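Try each task before reading its solution.

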Protein chains: 2
Amino acid sequence: MLDYPMRPAKALRPALCIAACRAVGGNADAPLPSAAAFELFHNAFLVHDDVEDGSRVRRHRPTLHTLLGVPMAVNVGDGMLALALEPLLDNIRVLGLGPSLRILQIFARLARESVEGQMMELSWVRQRRWGVTDREYLRMVHKKTGWYSFISPVLVGAIAGGAANPTRDAMGAFALCLGIAFQIKDDLLSLEATEAEIGKDTLGDLWEGKYTLALLHSLRTVASSDRALALDILARPQPRHDQPGMARIEPILSKLRAVLDPREWAELASAIDTDVVASKDEPGVRWLHRLVTGRNGESLQHARLVAERFANRAVRIFERDLGALPASVHKEFLKALCGFVLRRTS
Amino acid sequence: MLDYPMRPAKALRPALCIAACRAVGGNADAPLPSAAAFELFHNAFLVHDDVEDGSRVRRHRPTLHTLLGVPMAVNVGDGMLALALEPLLDNIRVLGLGPSLRILQIFARLARESVEGQMMELSWVRQRRWGVTDREYLRMVHKKTGWYSFISPVLVGAIAGGAANPTRDAMGAFALCLGIAFQIKDDLLSLEATEAEIGKDTLGDLWEGKYTLALLHSLRTVASSDRALALDILARPQPRHDQPGMARIEPILSKLRAVLDPREWAELASAIDTDVVASKDEPGVRWLHRLVTGRNGESLQHARLVAERFANRAVRIFERDLGALPASVHKEFLKALCGFVLRRTS
């Protein structure tokens, strides 16, 4: 359980929770149990997400299920979810009953929203539905990233800091816009950054067949023959990393096809890992990458513009509804995030 | 999320929770949100357990991950864990703050205990450690089954019913003994009952390499050559059910070995699912079954005696510490479980 939490990371959710609490005038101790719970929750979901997505690298190291196997990794994630409940109960000593219960209710909501968002995306993948609109993408991100990584940390921070309801709600609206901008930038980094920069699989979103604005824009705007090829590549599963690539054994297989009768050939083929046979390969994913980043970067530019629109909206909400908060380094930190989410390189 | 909960099942944990509450004088509404939370928690863990154990059948139907794939199944389990928090917060309206918070603390503890118990067993499997003593087995079962399925439901029921602390603690001690007897009987059913009776894989524990008193007793008492063969079979993984058995393609492979040079052969062999090559097979598991059930059933008898010892201890605790509870159908139900856990056939 200590493995992922001890790897270097941004600690974004605890940072948001603590900054929101301090910005509304809360003291330094008030947000700490909740901040710890956020980091435990997040690390639990990362362990399960890596299983669900078949990811190889997380925070510059192999993913937990590649180190320990899927059974252990699923159980480690459950263990961390279980432990996260304890600091939330410690809140009662620090904050009293009322705020502690409101914080528990927010955790119940965030868990449900993020699972629903994940389920939306997994369902699209399962149905091979690629006619997803920008609006549907934004709704999924609202749940999966918005609630989970942005809205709930600032709401909890505001409650721990004793904010009035209008201030708390403004924090939530601000954080939603920030979160959407953050996620779109995250998608862009997966297309543009190196593994050394982001600490996880390069082009991971394309290998996993994840939904991004740039990919959806490309599918809407490229020639229909390119679109058909793209859908064909996206429909294939990721290769299993414990098997040699199909390309390597292709010459052997063609030699065997002559030796075996068709029934024998069919039985052999079915014993060979089906993921190897029909899985995505490096040239296919590189081709997809060129498709999404090509045409003078018009699809990337589309995604960048949407991200900027949400970052600007976050600035406007902050100035209008949170501008009256007393000046503090915490207030400045929150406001500065509006620029950071777009400029960051990792 | 509705799939497992809608399949017919015993609803053991809600039944224990409701009976404990009513037996100490609680009203009919008091235990219901907690009982719902137990059933949600349990179904979430079943979904994840089935992934971890590679099980095929649950409650007479295919397991969720065989229907939807591992990613969906892990996420469905997370969703149910998240939803379980909501009835626990509803408790505040029904029971007031104090009891609701004590119940939340018990859920935090039960989640940690059961994950620790699961981790103990997965670690033994991983280390191929088969010199586990009966005492170690009982400690694992105390955490994995005792806390999760017996102790926490009656503690929560007692709290919801407003029991005094000594009554609540006696309920917990009673339930622990009952739970250990239940688990040992569960292990015996996996060796002796049919799939139609228990609604899950027959000999599932042997296929999964699960630790049971009868298997541990056999390993301690059989001839050393039989022990070596048993450990060899137990060390093999379960076969993947989406692949044909190795036996079926063995003739084809031996034909190919003559055609290919050694390097080509090695590459082909590594592309063939390694679980198929080295996995447990039906004759091996049947042999294990005969080993554990043979020698006049001496290992089964050992397990039965330990189960009876714990069931008798449960009766003594009940009579000594809970005998003074007013007569009710709920009190009789709890006491009758001491016999039921040993006699049940499913």
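**Exercise 1.** Find which residues of α3(B) meet which residues of α7(B), and describe how the two helices pack.

Solution. Start with the contact, taken as heavy atoms within 4.5 Å. From α3(B) come S34(B), F38(B), F41(B), H42(B) and F45(B), and from α7(B) come Y148(B), S152(B), P153(B) and V156(B). Sorted by type, the residues of this contact are 6 nonpolar, 3 polar and no charged. Here Ala, Val, Leu, Ile, Met, Phe, Trp, Tyr, Cys and Pro count as nonpolar, Asp, Glu, Lys and Arg as charged, and the others, Gly among them, as polar.

The model is predicted: local features need pLDDT of at least 70, side-chain atom pairs count only at pLDDT 80 or more, and totals for chains, interfaces and linings use all residues. Residues are numbered from 1 along each chain as its sequence is written, chains are lettered from A and ligands numbered from 1 in the order in which they are written, and side-chain values use heavy atoms, with hydrogens and water left out.

Next, take the axes. Helix α3 (residues 32-53) and helix α7 (residues 134-160), both of chain B, have axes 11 Å apart and pack at an angle of about 165°. Therefore α3(B) is roughly antiparallel to α7(B) (angles over 145 degrees count as roughly antiparallel). Finally, the crossing of α3(B) past α7(B) is right-handed (the near helix is turned clockwise from the far one by less than a right angle).

**Exercise 2.** Describe how α17(A) and α18(A) cross, and sort the residues of their contact by type.

Solution. The axes of helix α17 (residues 298-322) and helix α18 (residues 329-343) of chain A come within 8 Å and cross at roughly 165°. So α17(A) is roughly antiparallel to α18(A). The crossing is left-handed. The α17(A) side of the contact includes A307(A), A311(A) and F318(A), and the α18(A) side includes K331(A), L334(A) and C338(A). By type, the residues of the contact of α17(A) with α18(A) are 9 nonpolar, no polar and 4 charged.

**Exercise 3.** Where are R128(B) and R295(B) found, and what is the phi of R128(B) and of R295(B)?

Solution. Recall that most residues other than glycine have a negative phi. R128(B) has a positive phi, near 50°, and lies in the loop between α6 (97-127) and α7 of chain B. R128(B) counts as exposed (over 50% relative accessible area) because its relative accessibility is 55%.

R295(B) is not a glycine, yet its phi is positive, about 50°. R295(B) sits in the loop between α16 (282-293) and α17 (298-322) of chain B. With 30% relative accessibility, R295(B) counts as partly exposed (between 20% and 50%).

Methods: Axes are lines fitted to C-alpha atoms, for helices over the stretch in contact, and angles run from 0 to 180 degrees between N-to-C directions. Helices (H or I, at least four residues) and strands (E, at least two) are DSSP runs, numbered from the N terminus. Angles under 35 degrees count as roughly parallel, over 145 as roughly antiparallel, 65 to 115 as roughly perpendicular and the rest as oblique. Buried means under 20% relative accessible area, exposed over 50%, partly exposed in between (1.4 Å probe, protein chains only).
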